[in-house]
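Welcome, and thank you for looking at this structure with me. Could you walk me through some of its features, step by step?

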Amino acid sequence: MGYESDLLAVSVPIPGREGLAELSYTHFTVSMDTARRIAAVTAVNIDGSKLRDVKRSDNWQLDNRLPRNQQAGPELYSNNDIDRGHLVRRNDPVWGPISVAEQANRDTFHYTVCAPQTAELNQSKMLWLGLEDYVLEHARQYGRSLSVFTGCIFDDEDPVYRDIAIPRRFFKVAAWMQEDSLATTGYVLDQSESLDRILNQNVFAQEIPPLGAYRTYQVPVEDIAEVTGLTMPDLVDADRLTAVATARPIEWTELHVGSDLVF
């Protein structure tokens with residue numbers, strides 16, 4: 001019922017590491033870091049030829065398969081400018097027979113499927129939402145199947161708010177078939193400055209390459225694997241950004257519009 005690794009013509013397993021708790025939903029799977037109480041990585045199948053439009057649910061709920069103290073709940077998001085940012089975008093798994101699509105829609109409104117994102121990042125067309133729109137419309141326009149992996153880049157220096165360490169950065173890796181071969185692209189989004197304003201701090205991510213406040217970058221998938229500790233060799237090998245012979249390291253490319261993407 002969850003993410004299927006063989007949706008594409010080649011097997012694409014979920015990136016993983018030890019200690020994650022895996023939860024299956026309709027057309028997607030969430031791997032929780034129960035110590036952080038947030039998903040480390042999510043994996044969703046998208047069938048662009050079978051996408052449906054269904055009414056938004058907005059009935060957020062905890063997942064009773066996990067203890068309450070292993071998932072961040074509504075108390076984290078109340079009375080502030082922190083959004084419940086879908087790691088699996090609501091529309092992505094909503095495909096197939098109408099009853100299945102409606103269940104997928106409801107499944108995306110579990111707290112295990114979201115992460116704390118500033119409203120500025122979560123709602124901006126130029127950032128997180130804009131990237132998600134571009135990936136989904138690519139699948140819809142060409143009737144293409146995609147596997148998309150999204151998660152948090154955890155850091156020991158992430159600021160703690162209401163007993164939850166809030167990630168400063170998030171990643172997304174899209175995978176599809178191109179000319180009978182697996183192809184992937186990777187992205188990183190940063191919310192440091194907008195998060196600091198909410199938390200009344202002045203601490204910025206120090207890792208190289210530096211990320212501007214709430215900006216979107218296309219990056220080598222290998223770099224995502226390194227900073228997350230997630231194993232994803234097939235995704236790394238299929239990276240379109242590194243397909244052209246060039247000297248490493250590859251610069252992280254700032255994105256402003258969809259046409260900036262190497263896809």
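H86 sits in strand β4, which covers residues 82–86; strands here are DSSP runs of E with at least two residues, helices are runs of H or I with at least four, and both are numbered from the N terminus. This is a predicted model, in which local features need pLDDT of at least 70, side-chain atom pairs count only at pLDDT 80 or more, and totals for chains, interfaces and linings use all residues. Residues are numbered from 1 along each chain as its sequence is written, and side-chain values use heavy atoms, with hydrogens and water left out.

Is H86 buried or exposed? H86 is buried, with a relative accessible area of 9%; buried means under 20%, exposed over 50% and partly exposed in between, using a 1.4 Å probe and protein chains only. A polar atom of the H86 side chain lies 3.0 Å from the backbone oxygen of T108.

Now turn to helix α5, residues 221–228, where V221, D223, I224, A225 and T228 are buried. An α-helix has 3.6 residues a turn, so residues three or four places apart point the same way. The buried residues of α5 pack against several elements, among them β6 (145–153), β9 (169–178) and α6 (233–237); contact means heavy atoms within 4.5 Å. After α5 comes G229, with a positive phi near 75 degrees.

Next come the charged pairs. Side chains of opposite charge can pair when their charged atoms come close. The structure holds seven salt bridges, each a side-chain nitrogen of Lys or Arg within 4 Å of a carboxyl oxygen of Asp or Glu. In one of them, R36 pairs with D158, with the closest N and O atoms 2.9 Å apart. This pair links distant parts of the chain, 122 residues apart: R36 is in the loop between β2 (28–33) and β3 (38–47), and D158 in the loop between β6 and β7 (160–161). R36 is buried at 16% relative accessible area, and D158 is buried at 6%. Another salt bridge joins D63 and R65 at 2.8 Å, N to O; D63 is buried at 4%, whereas R65 is partly exposed at 43%. R37, R68 and E75 are linked in a network of salt bridges.

How values were computed:
Polar contact = N/O pair within 3.5 Å; in protein donor to acceptor, adjacent residues only side chain to side chain.
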